[in-house]
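Reader: I am new to this structure. Please walk me through the words used to describe it.

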Amino acid sequence: MEDAATAEISRAQIWQWIRHKATLDDGREVTPELFRQVLDEEMAALRQTLPAGAYDNGRFAEAIRIFADMSLADSFEEFLTLPAYRVL
C-alpha cells in the first residue's frame with residue numbers, strides 16, 4: 001500500500017508540475033518531453049540494478065505506460081490504482 005501511495009503522490013506532483021509550468025532549481029521547465037526523458041533514464045538505470053531478465057520478465061512496461069499516460073493526461077484521474085487494476 002505504501003508503494004501505491006508513493007506512486008500516487010509522484011504522479012500527482014508530476015501532473016501538476018507539467019500543467020503549471022513548474023521550473024526546477026536549474027531553471028528547466030517541467031515539460032512532457034523532460035518527463036519522458038527522465039522516466040527513460042530512470043528506467044534504464046533501474047534495469048541495470050535488477051537481476052538479469054527481471055526487468056524484461058516483469059510488468060515494468062505496463063506500469064510505465066500507466067504512470068506516463070496518467071502523468072501526461074489532459075485531465076487528472078482520481079486514482080492511479082484504478083487503471084492499474086484493469087490490467088491485473
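Author: Start with one cut-off: a residue counts as exposed when its relative accessible area is over 50%. Lys21 has a relative accessible area of 57%, so Lys21 is exposed. One caution: this is a predicted model.

Reader: Where is Lys21, and what is its phi?

Author: Lys21 sits in the loop between α1 and α2. Its phi is positive, about 55°, although Lys21 is not a glycine. Most residues other than glycine have a negative phi.

Reader: How many helices and strands does the protein have?

Author: There are five helices and zero strands. Along the sequence the pattern reads α-α-α-α-α. The C-alpha atoms fill a box of roughly 35 × 30 × 20 Å along the principal axes.

Reader: How do you know whether Glu8 is buried or exposed?

Author: Buried means under 20% relative accessible area. Glu8 has 18%, so Glu8 is buried. Buried residues make up 20% of the 88 residues in the protein.

Reader: Where is Glu8, and what does Glu8 touch?

Author: Glu8 belongs to helix α1, which covers residues 2-19. Leaving out residues up to four places away in sequence, Glu8 touches Glu78, Phe79, Leu80 and Thr81.

Reader: What makes the pair of Glu8 and Arg11 a polar contact?

Author: The cut-off is a pair of N or O atoms within 3.5 Å, one able to donate a hydrogen and the other to accept it. The side chains of Glu8 and Arg11 make such a contact at 2.2 Å.

Reader: Why is Ala84 called partly exposed?

Author: Partly exposed lies between the buried cut-off of 20% and the exposed cut-off of 50%. Ala84 has a relative accessible area of 24%, so the label is partly exposed. Ala84 lies in helix α5, residues 81-87. The C-alpha atoms of Ala84 and Phe67 are separated by 9.0 Å, and the two residues are 17 residues apart along the chain.

Reader: Which residues of α1 and α4 meet?

Author: From α1 come Ala7, Ser10, Arg11, Ile14, Trp15, Ile18 and Arg19. In α4 they meet Phe67, Met70, Ser71 and Leu72. By class, this contact has seven nonpolar, two polar and two charged residues.

Reader: What makes α2 roughly antiparallel to α4?

Author: Helix α2 (residues 32-49) packs against α4 at an angle of about 160°, with the axes 11 Å apart. Angles over 145 degrees count as roughly antiparallel. Therefore α2 is roughly antiparallel to α4. This crossing is right-handed.

Reader: Which residues make that contact between α2 and α4?

Author: On α2 they are Pro32, Phe35, Arg36, Leu39, Met43 and Leu46. On α4 they are Phe60, Ile64, Phe67, Ala68, Ser71 and Leu72. By class, the contact of α2 with α4 has 10 nonpolar, one polar and one charged residues.

Note on methods:
Residues numbered from 1 in each chain as written. Predicted model: local features only at pLDDT ≥ 70, side-chain atom pairs only at ≥ 80, totals over all residues. Heavy atoms only, no water. Helix = DSSP H or I, 4+ residues; strand = E, 2+ residues; numbered from the N terminus. Buried < 20%, exposed > 50% of the residue type's maximum accessible area, 1.4 Å probe, protein only. Contact = heavy atoms within 4.5 Å. Nonpolar A, V, L, I, M, F, W, Y, C, P; charged D, E, K, R; others polar. Axes fitted to C-alpha atoms, helices over the stretch in contact; angles between N-to-C directions. Parallel < 35°, antiparallel > 145°, perpendicular 65-115°, else oblique. Left-handed = near helix turned anticlockwise from the far one by under 90°.
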